[in-house]
Each structure stands twice: as C-alpha cells, then as structure tokens.
Amino acid sequence: LGKDDWMLVDAGAEALGYASDITRTWPVSGTFSPHQKELYEALLATQLSSLNHYKPGGKWLDIVRATSEALLEQVSRMGLVQGTISQLYTLNIHSLFQPHGLGHLLGLDVHDPCVFPSELPTPLDLQEGMMLTCEPGIYFIPFLFEKAFQNTTLLPHLNEEKIRSFFPIGGVRIEDDVLITKDGHEILSAAAPKTVEEIERLTQSEESEAT
C-alpha cells in the first residue's frame, strides 16, 4: 500500500459464541488528504443520519430509503451529482455510489440467518433486542461509472470530471453493530474510533510508538 491509499478492515471478534462485524477505514499515511477527508466526513454524516432511524418500530425499507437519500444529499453537497434528491433517487443513482445493502442481522453467525433483504415484500419492523449492522459506503467503481457515463439519462445528473477525480481513492465504508433498545439503540462498537480526529490521533500515536 502507498501513502495515499486507504486501509479498510472489515472484521469482528466472537464472544461466547456470538458474532460481531465492524468496519473502519483509515489513511495509510495516518493523515487524511483533503479528498479523503471530504469523502469520509460525507459518509460519516450519512451513517449518523441512518442511525437516527434505528429504533423500535422502524421499518427497514424506510430506513434503507432514508439512508440512500442522506447519501445523495452528501454527494450532491460535494458537487458529484446534480438534481433534486427525489430525481436522483428515482434514477437509482445512489446505487452507483453504494452497490450493496445497508446492513444485516447479527447473532450466532456474522450474517445471522433471516430473510432481511431490501426486496422484502412488506417492511420489517425493528424490535427491541434485535442486533444488526449499519454499514453504508461510498465507492467510486470505474466499471459502474463508465457505464453510467454512457447513459444519456444518467449523465446529465453526474459531474463526470469530479467523479473521475475520486477514482484513485476507491471508496470508504463505516460499519457499526447496533442493538435495538426499548427507547432507541445502543452502538456496541462505539469504542472503535470513527471520527477523522479520533482516527488520526490513533494512527499517529501508533506511528510515534513504532519509531
């Protein structure tokens, strides 16, 4: 890995037979570049917005949509796309940036067996005691965007030049393990550093100890 690259680790410990699944992404150099910081903070804002919906009675399909719209708001703010959030969502442009689901149940297995995809015929209500992940990502996958740039319906909504400038970065994901509680939720992976400041403090302290 070069000094301008990311390190993304998607892992988790097992305790008393129960699984965890946590993702953190940090710059190999120990310091976020301007591009990396802009992208990371956009994703963190998306994830924090998504977590607000993790509570009893929350409908999974509604949470997925709200998170997709929050992501679109962030990439729009970054100047990567143009159009109303409703237009962009209808065109499924969010899936270019995040071509995977928002999360999954946790339990005795990392992906605990349960029918829990976005394609559920009816919304699934979150209930107290459920354990699941919240793992949005923002990625710049050339294969997906090259096809989108050739699509005359999508292209007017994409800032091709700026999107291409993020190709070398690749992408970023943040994943936390969330327990649904009576009054909302508890993030069981909260001790893992997540903000830019926390990550830089940790990586730079590790570098100092190594030298």
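Helices (H or I, at least four residues) and strands (E, at least two) are DSSP runs, numbered from the N terminus. The model is predicted: local features need pLDDT of at least 70, side-chain atom pairs count only at pLDDT 80 or more, and totals for chains, interfaces and linings use all residues. Residues are numbered from 1 along each chain as its sequence is written, and side-chain values use heavy atoms, with hydrogens and water left out.

The loop between β2 (14-15) and β3 (18-19) holds leucine 16. Leucine 16 is not a glycine, yet its phi is positive, at about 55°. With a relative accessible area of 86%, leucine 16 is exposed (buried means under 20%, exposed over 50%, partly exposed in between, with a 1.4 Å probe and protein chains only).

Next comes a helix pair. Two packed helices are described by the angle between their axes and the distance between the axes. The axes of α1 (residues 34-51) and α2 (residues 60-77) come within 9 Å and cross at roughly 155°; axes are lines fitted to C-alpha atoms over the stretch in contact, with angles from 0 to 180 degrees between N-to-C directions. α1 is therefore roughly antiparallel to α2, a term for angles over 145 degrees.

In the contact (heavy atoms within 4.5 Å), Ala42, Ala45, Thr46, Ser49 and Ser50 of α1 meet Ile63, Thr67, Ala70, Leu71, Gln74 and Arg77 of α2.

Asparagine 92 sits in the loop between α3 (85-90) and α4 (94-97) and is partly exposed, at 39% relative accessibility.

Key:
Parallel < 35°, antiparallel > 145°, perpendicular 65-115°, else oblique.
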